Amino acid sequence: MQHIKQYVEQNRQRLLDELFDLLRLASVSADPQYKPEVLKTADYVAAKLREAGADNVEICQTAGYPIVYGEKIIDPSKPTVLVYGHYDVQPPDPLELWHTPPFEPTVRDGKIYARGACDDKGQFYMHVKAFELMMQTDTLPCNIKFMIEGEEEVGSANLGIFVKANKEKLKADVVLISDTSMISMEHPSLETGLRGLSYLEVEVIGPNRDLHSGVYGGAVANPITILAQMIASLHDENNHITIPGFYNDVIPLTQDERDALNSAPYDEAEYKKDLDIAELWGEKGYSTFERTGTRPTLEVNGIWGGYIGEGAKTVLPSKANAKISMRLVPNQTSEAITKLFTDHFLSIAPPSVKVKVTPHHGGEPAVTPTDSVAYKAAQKAIAESFGKEPIPTRGGGSIPIVALFEAELGIKTVLMGFGLDSDALHSPNEKYDIYNYYKGIETIPLFHKYFAELS
Ligand code: BES
Ligand code: MN
Ligand code: MN
């Protein structure tokens, strides 16, 4: 541990400066306007892997953004850790809500404010720097491979193809990912599961053109009203989802599992205060951790139609649209849920409108084992660096690669995230605590050490 602390101490400023350079690159994968910046980011990551001591560093082309690969094989008979992360980020919008520009990283109160600070540049870059540390101090105890992709925030459409075509190259004993949250720095935790995702777009089509709302209003169904009614009907009075068959494949948790999840520290008053809401909402009969970690949900992510410009316009619009996503839990599949949603949504459309449902991307849920050598190594690493045993939790977000790695390569994942839910991922003023960044760089070498020792 001493050599680790010392290395971080001696390189403190540079470790931060390099992350800042990475954060200055606007690698927004969703918007084609940022394409040159996304490609530059892949180059930057490849260069840094090379500098840190990785061999066979490659910018692997895909039909979309490239995947950066690099490795250090010290001894083929030793275990291999595959580090996964993503160099792409969410769009920074709405820009006017940022206190400082999203791609000019700024430190306030010990925190780095920038898009991607936590999700996932700040987190995956800890692995690059921890690798450098192990190379420089001659302490790399196992083989390591890096796979850093550029399309995670848009559904990783080309990743499956890459993984299927490169099974030998990606062969490893465990996948290690830092792209999730901890409860808090005082209560370090390890996520042991992620939800899946089914994302789609719906369109409700009324009259063949926008109409004068005085001339036709009252006689013709307004697609926005119909869409709002259809959406509202998707939850009942207990906030259960009403799509027939939606819960069929869900495996109920045992009472022991529920008790374990609910024993994690949670302060409801604090939770509400942080969000400035008077009351929580959710599926009846479940706690907050159960609702976000173990139950499937349905959210409207966007809704539009009619006139939304300055002033007023009395229009009865011809169309209304919404983006809707569902979070899935183990044993549900995105394909089956997408079909159930589509069939149901079409069936509840009144004859006054036509409805179209267009699926976007999906991802499968995953649980990670807690009795594996790799999980124990992560537990030991965190216990040593935080001075406290990590609490197992279930994450509400999705990282589709986790299920994909297991299905295609048979490899399980350890989710050793150092973010906080309050880091404003995907929101304005995303941040990452400098303390967490260094803490991650210090903890990761311990993971490799214990993984090699216990394997
Ligand atoms: N890192 C997040 C997922 C995450 C965040 C997991 C916090 C657990 C805790 C990831 O970058 C992400 O945002 N994933 C998307 C899914 C993807 C298919 C677009 C998500 O969860 O919405
Ligand atoms: Mn992420
Ligand atoms: Mn994300």
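In this predicted model, N331 sits in the loop that runs between strand 15 (319-328) and helix 10 (334-347). Although N331 is not a glycine, its phi is positive, at about 85°. A second residue of this kind is N56, which is other than glycine and has a positive phi near 50°. N56 is placed in strand 1, residues 55-60. Such values stand out because most residues other than glycine have a negative phi.

The backbone also holds cis peptide bonds. One of them leads from D93 to P94, with omega near -5°. P94 belongs to the loop between strand 3 (80-86) and strand 4 (106-108). Another cis peptide bond joins D119 and D120, where omega is about 0°. D120 is found in the loop between strand 5 and helix 4. These bonds are worth noting because most peptide bonds are trans.

E430 forms a salt bridge with R115, and their closest N and O atoms are 2.9 Å apart. R115 lies in the loop between strand 5 (111-113) and helix 4 (121-136), while E430 lies in the loop between strand 20 (419-420) and strand 21 (431-433), so the pair ties together parts that are 315 residues apart in sequence. The count of salt bridges comes to 23.

Domain 1 is made of residues 2-194 + 365-454, and domain 2 of residues 196-250 + 296-363. Taken over C-alpha atoms, the centres of domain 1 and domain 2 are separated by 35 Å.

What joins the two domains at their interface? Ten residues of domain 1 are in contact with ten residues of domain 2. Between them, domain 1 and domain 2 bury about 650 Å², with 61% of this area on carbon and sulfur atoms. On the side of domain 1 that touches domain 2, five residues are nonpolar, four are polar and one is charged. The interface has zero salt bridges, and two residue pairs are in polar contact between domain 1 and domain 2, both at pLDDT 80 or more.

An unreviewed UniProt entry gives residues 193-350 the annotation "domain: Peptidase M20 dimerisation". Within the model, residues 193-350 are 29% helix and 22% strand, and the end C-alpha atoms of this span lie 39 Å apart.

Notes. Residues are numbered from 1 along each chain as its sequence is written. Chains are lettered from A and ligands numbered from 1 in the order in which they are written. This is a predicted model: local features need pLDDT of at least 70, side-chain atom pairs count only at pLDDT 80 or more; totals for chains, interfaces and linings use all residues. Side-chain values use heavy atoms; hydrogens and water are left out. Domain bounds come from an automatic or database domain assignment. Contact means heavy atoms within 4.5 Å. Buried area is the accessible area (1.4 Å probe) that two parts lose on being put together, summed over both. A salt bridge is a side-chain nitrogen of Lys or Arg within 4 Å of a carboxyl oxygen of Asp or Glu. A polar contact is a pair of N or O atoms within 3.5 Å; within protein, one must be able to donate a hydrogen and the other to accept it, and residues adjacent in sequence count only if both atoms are side-chain atoms. Ala, Val, Leu, Ile, Met, Phe, Trp, Tyr, Cys and Pro count as nonpolar, Asp, Glu, Lys and Arg as charged, and the others, Gly among them, as polar. UniProt positions are given in the numbering used here, feature names are shortened, and annotations may be inferred rather than shown by experiment. Helices (H or I, at least four residues) and strands (E, at least two) are DSSP runs, numbered from the N terminus.
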